[in-house]
Structure formats: structure tokens, C-alpha cells
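Let's take a friendly walk through this structure together. Have the sequence and the 3D view open side by side as you read.

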Amino acid sequence: MVDFLLAAAGFVLLMVALGLVRILRGPGDADRMMAAQLLGTGGIAVLLMLGAATGVAAMVDVALTLALLAAFSSIAYVRAADAALPHEGGAERDP
Amino acid sequence: MTGVLFNVALAVLVLGLAVWTIIAREAFAAVVGFIAYGLLLTLVWVQLQGIDVALTEAAIGGGLTGVLLIGAAARLRGIEAAPGAERPRNSLYWMAGAVSAAVTAVLVICVLALPDPAPTLAHEVALNIVDTGVANPITAVLLAFRPMDTLLEAIVLVFALIGVWSLAPDDSWGGRPGPVQQSDPNGILAYAARILPPLGIVIGIYIFWTGADYPGGKFQGATILAAMWLLLMMAGLSEAPPISRGWLRVGLVAGPLVFIAIGFIGVLTAGDFFGYPQGLAKPLIVAIELALMPSLTLVLGLLMVGAPQRVAKL
Amino acid sequence: MNAATLFGLCAAALAGLGLFGLIVNPHPLRKILAFNVFGTAVFLLIGAIARRGAAAGMGGDPVPQALLITGIVVAFSATAIAVALLLRLFDVTGRVSLAEDATADVQAPPGEA
Amino acid sequence: MSHVLDLLTVVAVAAGGFFFFAGTVGLLRFPDVLTRLHALTKADNLGLGLVVLGLLLQVDSVLAGLKLACVWLLVLVSAGSVSQLIACRARRSAQGR
């Protein structure tokens, strides 16, 4: 079980790392942010699996913190990008 | 074996992202690379058995620093400071490369030549931790064995905030910090800002409270609370208070002042600055943490918002 | 190779990278990033040393680990000041440059500055 | 009994890993922002959700289980909102600029 969870953690890490190619290629800012977002979620999954494999319960707390905060930079990006376009007045609208 | 492979993959990824952060052509792409780098560092700390450090890195490196840098990068978008004249000369590249390579080489030699068995204070900590009443060795070090570091850190944070505020234009001094946030109260961001903070506050206080016995503590908890406050401000549901408010200034310095006062109580009762009287160590440590928590939350939140920019209505 | 040595070597490489970026990148925001990479390299080095000091049932030497937490928070406050300085520079001069003559041709401050 | 649970964990975690794989492939191969966003949310919601589900079968206390579920809930709310925001942003920059 421990080996399986470690291997699964490694697999997920590898997958989200491949997704990082989007940071290199872009083309838009949104694509880059999405790659960071995927890495955040993948990082949470890896932490949970490592925690279960090693039996360190506190790793779930680290995952909780990441789950709360990992989306913040994407939110900051959307806010700042909206504010940078003057003709929209920075207001967001629902679709 | 799986563990070693995992670590090697992690190290390669961290290095790759660092290279990207340094060489990327656009500042924005470099910042996103740095955010990913911060997230991966959290995993590195876990692998180095520093769960407390991982928590701090997740909260600060993965959260707040990213928000700060993304905000700046998006604001400076399109204003890449790359007029041809400013590109460094080739000789500078070679010199910088040589110096950096030399630093790396020296550090590699140092890492490989570290003494074996490694010197450690873990035994002393294990021996003396019983007197403090807390079970998390990191908290014991931060608040009982080396409280001066923690005190100065709290003061440095307040000084940093004063430094940020002092960048305000003259007519904005005393006003509300940060740009005007306007957004739709029924928008998606406002929705997230109503759902997340209640959960976030519970988690922040949990991380703070569990810090006495398990990984966690006031810095991590305060960072989470500050992030929740920041979310409310970004969604336009709340505004930063004007920096001239009396309660705000009292709140900012209350934590460090209580910390110093408890240090002086130590002089009177135990004959030493920060000496805790026998049996009272745990209550005093909890008192310091409770006093520091709100101040740290205020300082961290306001550091994120930046200097006052709007003309103050005094 | 154990984790401490591996990440110690990784930290050595990161320190060189950060230093290089700090010197050659003209953009101030890039300098802040490079300085942060350099800072994390130092933290990682201390973390590797702390890991080697594992004893008495602890995963690492708690004293350097506690110093690391202090260091990360202080590095964050320094970054916040640097970013605020940079944005103020942009507000006043309308450009982002550390060159000596950058203030020689001050443009009108953009927007609401 | 524990063998059955272990087997279920393996199945759920492997399925979660598959969705991370699918999310990455989509992020790399799909042609525009909105379709890539679609792939990303599969990894966010289903990938992490299945991993959490698998690990839930292994927990030994109620608190640990609650924390695991809470992680998933938080990611659902924050990643869901963020993808909406990014989609709005992408649509507007396609129209506006």
C-alpha cells in the first residue's frame, strides 16, 4: 500500500509537471495561470498521498492550507487584469 | 527506492522552474513560474521533514507572495523595461556567470563536506521541552528558547508596513490603502468571498491552536486569516481601513508590546529577560501567541494591500 | 544519496541561478524574483542542514527549522516593501527602470497616480 | 475486509491519477483557453475528488476524514470560482481588445 501510494504520488507529480509546459509555451497569461492552478491541485493530491503513505497526519494540514490559498494567485491575476483594462471599469459581470 | 526517485524528480522540477523564472522573456511568465516554484518548495519541505516550514511556505510562498507579485506583474504589463541600451554588456554576462558558478561550486563543496555525524541541538530541545509545557519543538524554540528572534521578527513586520505606508503620496497620507475595488456584489468572486472565509477562519484558528502540540502556529494561522481578509477586499465586499485610524495603529503594535511586557515580567520573576517562572511557561506562551495573532493578521493583510493611493478624506 | 544531500546540492545550484539573475536582469521585478530564488536557496541549504541534525525522535534539528519560519516571514515582508517601491517608482516616473537617467525625462504620471 | 478497502483505495486513487493525466493532456493538446479550462477542471474536481475518496477509506479517525473532505470542498469552491473568472476574462479579452 505504501509503495503504491508513493508511486501514485510520483505519477501525479509527473503529470502536473508535464502540464507546466503550458507555462513555457503560453500563449496567453490565462494559460499560464491554468498550469499553475493544475500544479496547485496536483500538489494537494501529492501531499495527501504522501501523508497517507508516511502516516504523518500533519501533512493534511499543509494540504488544507494549500487548498485555501492555492487559488489566490489566479484570483489576483483576474482582478489585476480587469483593473488594467480601463474601458471595463474593473467590474465583473456574470455570463 | 520510490522515495529516492520522487525526490530526484522533485529536485529536477524545482531547478527547472528556477531556470525558467530567471530566463523567461516576459516578467509575467517568470512570475507564474515562481509561483509554481513556491508550490513545489512546499513538497520539498515535507520531504525534508520540516512540516512546520512546509505550512509556512504553503501559506506565504504559495499564497501571499504569489498574489503580491502577480498583482505587480499585471500592473506593469506591457511596460517591459527593455530598451536596448539597458541590456547588460556581454562581459557582464560572463562575469556574472563566473561569479555565480563559483558560488555554486563553493556551496557544493560545503554541502559535501558537512561534518558527520551532524551537530544538532535536538537533544537539548528534547531535554528541556518538558519545562515549557508545549509538545511542538518548533513552537518551544520560537517562544521559549529563542523568543528574541520571534519578537524582532514581529517588529520587523511592523517596520515593513511603516516602510510601505511611507511610500504614499503626500495627499494620500492617512487615507485608505490600495486601489478602489469595485465589483458586482452578485459576481462569482463575491460568491467565493462569502463561502471561503468562514471555512478559512476556522482553519486559520485551528492551525494556530494546534501549533502548541503539532505543526502549526501563529504565523501560519495569521497568514490564513490575512488571506481571507484580502479575499474580502479583492471581492469588493470590504475595504481596508484608513491608516490614520487609532484602533488600527493600536492593534498593529499591541502584539509586540504584550510580547515585550511578558519579557520584562521574566526579568522580575525569573531574573532574566524572557525567563518564564516555573510552571507558568505554557500560559505565558499562549498569552504571547494570542496577543500576536491579531497584530500579525493586520500587518500581513495590510502589507498585501500596499501604500495608500487615494486622496485622503480626513 | 539521501534527501538532505540531494536538496543541499539543489540549493547550491539555485543560489548560483538566483545570483546570476539578480545581476543580469535589468527589469526590477525580475530582480525581486531572482532575489527570492536566492533567498529560498539559502533557506533550502539551512533546511538540508536541519534535516541532517535529526535526532531524539525529531525529523530534523528544530532550532534551524524555527529560524527558517522566521526567515520566510521576514523575506516576505522584504518582498512586500520591494514591490511597493517598484509600483511607486512606476507611478512617479511612468516607467520601470533602475537606470541612472530614468528620471531625466519624467512623463506625466499615468492614471490616478 | 481491509483487503477489500485496500483494493477500493487502489482503484479510486488510480482513477484519480488517470484524471490528472487526462487534465494534463487536455491542457497541453486542446486548442483554446476555454477547452483547456474544461480539461483543467476535470483534474481539479474529479482527479482530486477520487484521490480523496480513495484515501478516505484508509483514515482511522473522524477528524482526519473531515479534514480530507474539507480539502476537497475547498478546492471545489475555489477552483470552481477561479475557472469561472478565467472564462469571463478570456471571453472579454477576446471581445474587448
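What pattern does chain A follow when read along the sequence? The pattern is α-α-α-α-α, and the count that goes with it is five helices and zero strands. Please keep in mind that this is a predicted model. Of the 95 residues of chain A, 71% count as buried. Looking at contacts in chain A between residues at least 6 apart in sequence, 46% of them join residues at least 24 apart.

Next, the chains as a set. Four pairs of chains are in contact, and among these pairs chains B and C share the most contacts. Chain A and chain C do not touch, with 10 Å between their nearest C-alpha atoms. Chain C and chain D do not touch either, and their nearest C-alpha atoms are 19 Å apart.

Now turn to chain B, starting with helix α2, residues 27–47, where you will find B:Gln47. Is B:Gln47 buried or exposed? Its relative accessible area is 16%, and buried means under 20%, so B:Gln47 is buried. Which residues does B:Gln47 contact, once its neighbours within four places in sequence are left aside? In chain B they are B:Phe6, B:Asn7 and B:Leu10; A:Leu50 joins from chain A, and C:Ala3, C:Phe7 and C:Arg51 from chain C.

B:Gln49 is not a glycine, yet it has a positive phi of about 65°. With a relative accessibility of 37%, B:Gln49 counts as partly exposed.

Further on is helix α6 of chain B, residues 137–145. Eight of its nine residues are buried, so α6(B) is largely enclosed by the rest of the structure. The buried ones are B:Pro137, B:Ile138, B:Thr139, B:Ala140, B:Val141, B:Leu142, B:Leu143 and B:Ala144. Take a look at the start of α6(B) too: there, a side-chain oxygen of B:Asn136 comes to within 3.1 Å of the backbone nitrogen of B:Ile138.

How does α6(B) pack with helix α5 (residues 122–132) of chain B? The angle is about 70° and the axes are 10 Å apart. Angles of 65 to 115 degrees count as roughly perpendicular, and α5(B) and α6(B) therefore fall in that class. On the α5(B) side you will see B:Val125, B:Asn128, B:Ile129 and B:Thr132, which meet B:Pro137, B:Ala140, B:Val141, B:Ala144 and B:Phe145 of α6(B). By class, this contact has seven nonpolar, two polar and no charged residues.

Helix α8 (residues 188–210) and helix α9 (residues 218–234) of chain B pack at an angle of about 170°, with 8 Å between their axes. An angle over 145 degrees counts as roughly antiparallel, which is therefore how α8(B) and α9(B) run relative to each other. Their crossing is left-handed. How many residues of each class does the contact of α8(B) with α9(B) have? It has 15 nonpolar, four polar and one charged.

Methods:
Residues are numbered from 1 along each chain as its sequence is written. Chains are lettered from A and ligands numbered from 1 in the order in which they are written. This is a predicted model: local features need pLDDT of at least 70, side-chain atom pairs count only at pLDDT 80 or more; totals for chains, interfaces and linings use all residues. Side-chain values use heavy atoms; hydrogens and water are left out. Axes are lines fitted to C-alpha atoms, for helices over the stretch in contact, and angles run from 0 to 180 degrees between N-to-C directions. Helices (H or I, at least four residues) and strands (E, at least two) are DSSP runs, numbered from the N terminus. Angles under 35 degrees count as roughly parallel, over 145 as roughly antiparallel, 65 to 115 as roughly perpendicular and the rest as oblique. A crossing is left-handed if the near helix is turned anticlockwise from the far one by less than a right angle, and right-handed if clockwise. Ala, Val, Leu, Ile, Met, Phe, Trp, Tyr, Cys and Pro count as nonpolar, Asp, Glu, Lys and Arg as charged, and the others, Gly among them, as polar. Buried means under 20% relative accessible area, exposed over 50%, partly exposed in between (1.4 Å probe, protein chains only). A polar contact is a pair of N or O atoms within 3.5 Å; within protein, one must be able to donate a hydrogen and the other to accept it, and residues adjacent in sequence count only if both atoms are side-chain atoms. Contact means heavy atoms within 4.5 Å.
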